[in-house]
Amino acid sequence: MSTVEQAEPAGAAGTIDVDRSDPEYRSWLKDAVRKVQADANRSADTHLLRFPLPEQWGIDLYLKDESTHPTGSLKHRLARSLFLYGLCNGWIRPGKPVIEASSGSTAVSEAYFASLVGVPFIAVMPRTTSPEKIRLIEFQGGRCHFVDDSRKMYEEAAALAVQTGGHYMDQFTYAERATDWRGNNNIAESIYQQLRLERYPEPAWIVATAGTGGTSATIARYVHYMQFDTRICVPDPENSCFFEGWTTGNALASSDCGSRIEGIGRPRMEPSFVPGAVDRMMKVPDAASVAAVRALENAIGRKAGGSTGTGLWSALKIVAEMVAQGRTGSVVTLICDPGERYLDKYYSDDWLAEQGLDITPYSATIDEFLRTGAWPD
């Protein structure tokens with residue numbers, strides 16, 4: 001048996017007695033990194049779609065469509081970065097499982113990359129995760145491990161890593177550092193490249209929702225690094241503590257229950273959420289998020305997940321403020337994942353009734369805004 005096969009788990013914070021120069025391990029590592037980088041090389045950039053607004057407003061609203069990645073979500077970028085980070089740090093090893101605490105989309109993408117490099121994958125998630133996301137994780141070769149309390153995901157994932165000798169990826173800690181925020185075709189650089197021939201190539205605002213906080217951190221850091229005047233807004237759904245933590249400066253802010261908007265909102269202030277890089281936050285009712293994704297389908301014929309609705313609601317409100325102030329410019333938000341994953345939730349009137357959510361007034365707000373340019377009080 002080789003040195004690698006005998007090795008005990010290392011983890012991000014642990015140590016391991018293993019010869020990193022072992023030829024078998026180094027050969028496997030080089031091949032694994034090549035496969036992950038080749039995935040990026042095969043992938044075209046995601047589209048930047050326009051949301052139709054009246055021409056006379058002088059404002060352009062764009063949606064960066066991250067649902068077109070091979071695994072169908074914004075989290076494909078994150079998973080690729082996390083795998084490269086873990087591989088190059090020596091944390092991911094042949095035959096040992098990668099374990100993640102994820103409500104769905106990150107797990108789908110990480111299961112894909114685990115299969116790509118030939119290691120097992122286990123996703124720790126709330127039992128309420130949508131059946132379609134569970135199916136997608138299993139389709140990519142992953143295994144799902146359920147918890148009844150979403151607040152227990154982290155410790156359960158860490159415990160599984162110890163039990164199995166695997167590596168706990170810990171997206172909530174490493175999302176903001178695994179991505180090269182200075183450029184290297186990250187999402188921020190991509191947005192600016194795609195806007196360069198538009199009439200307002202430097203957006204007034206970029207709106208990015210937060211799950212780990214890694215995307216908002218990457219975009220905000222890139223904006224500051226490149227000395228752009230763009231402002232960053234992070235909308236937060238109900239049952240999430242990010243807004244409270246940002247407004248009060250309380251790094252220990254928490255929420256007692258999980259978010260109904262899958263993929264965003266957290267019960268604790270995650271290490272990858274960087275409050276100091278963010279210019280503005282909005283608290284968005286869950287019913288408003290659902291109303292916004294349904295309005296998106298009416299406007300461009302595309303279904304999207306609830307987190308897209310949270311961002312779109314905030315982007316539309318920012319556009320309304322710009323109209324009221326007589327300002328022109330562009331605003332960018334994200335399509336985080338496809339709505340087909342949530343047909344039994346955000347596109348189901350029965351689910352809305354079960355949750356006690358009435359989207360009628362929020363749909364009316366969007367309709368009036370798109371007709372008049374005014375945001376109702």
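## Close-up views of a predicted model

**View 1. His69 and Glu66 in the loop between strand E2 and helix H3.** His69 is found in the loop that runs between strand E2 (59-65) and helix H3 (75-88), where helices (H or I, at least four residues) and strands (E, at least two) are DSSP runs numbered from the N terminus. The structure is a predicted model, in which local features need pLDDT of at least 70 and side-chain atom pairs count only at pLDDT 80 or more, while totals for chains, interfaces and linings use all residues. Residues are numbered from 1 along each chain as its sequence is written, and side-chain values use heavy atoms, with hydrogens and water left out.

His69 is buried, with a relative accessible area of 8%; buried means under 20% relative accessible area, exposed over 50%, and partly exposed in between (1.4 Å probe, protein chains only). Glu66, found in the loop between E2 and H3, is also buried, with a relative accessible area of 0%. The side chains of His69 and Glu66 are joined by a polar contact of 2.9 Å, and a polar contact of 2.6 Å joins the side chains of Glu66 and Arg77. A polar contact is a pair of N or O atoms within 3.5 Å; within protein, one must be able to donate a hydrogen and the other to accept it, and residues adjacent in sequence count only if both atoms are side-chain atoms. Leaving aside neighbours within four places in sequence, His69 is in contact (heavy atoms within 4.5 Å) with Thr46, His76 and Arg77. With residues up to four places away in sequence not counted, Glu66 touches Thr46, Gly72, Ser73, Leu74, Arg77, Ile187, Ile335 and Cys336.

View 2. Strand E3 (residues 98-101) and strand E4 (residues 121-126) run parallel and are joined by four bridges, and Glu100 stands opposite Ala123 in E4. Asp170 has a positive phi of about 60 degrees although it is not a glycine. Most residues other than glycine have a negative phi.

**View 3. Strands E8 and E9, with the loops on either side of E8.** Five bridges join strand E8 (residues 231-237) to strand E9 (residues 280-284), and the two run parallel; Pro235 stands opposite Met282 in E9. From E8 the chain crosses through helix H10 (residues 242-248) to E9 in a right-handed β-α-β crossover, right-handed meaning that, with the strands pointing away from the viewer, the path from the first strand over the helix to the second runs clockwise. In the loop between helix H9 (214-225) and E8 lies Gln227, which is exposed, with a relative accessible area of 69%, and has a positive phi of about 65 degrees although it is not a glycine. Ser240, by contrast, is found in the loop between E8 and H10 and is buried, with a relative accessible area of 8%. The side chain of Ser240 makes a polar contact of 2.9 Å with the side chain of Asp236, and, not counting residues up to four places away in sequence, Ser240 touches Ser255, Gly265, Arg266 and Lys283.

**View 4. The largest nonpolar core and helix H11.** A nonpolar core is a set of buried Ala, Val, Leu, Ile, Met, Phe, Trp, Tyr and Cys residues joined through side-chain atoms within 4.5 Å. Of the 43 residues in the largest core, Phe51, Leu61, Leu312, Leu316, Ile318 and Val331 touch the most other members. Elements that give two or more residues to this core include E2, E9, helix H11 (286-300) and helix H12 (306-325). Leaving aside neighbours within four places in sequence, Ile318 is in contact with Trp205, Val207, Cys233, Arg280, Met282 and Val331. Of the 15 residues of H11, 11 are buried, so this helix is largely enclosed by the rest of the structure. H11 is followed by Gly301, whose phi is positive, near 75 degrees.

Note on methods:
Two strands pair if DSSP finds at least two bridges between them.
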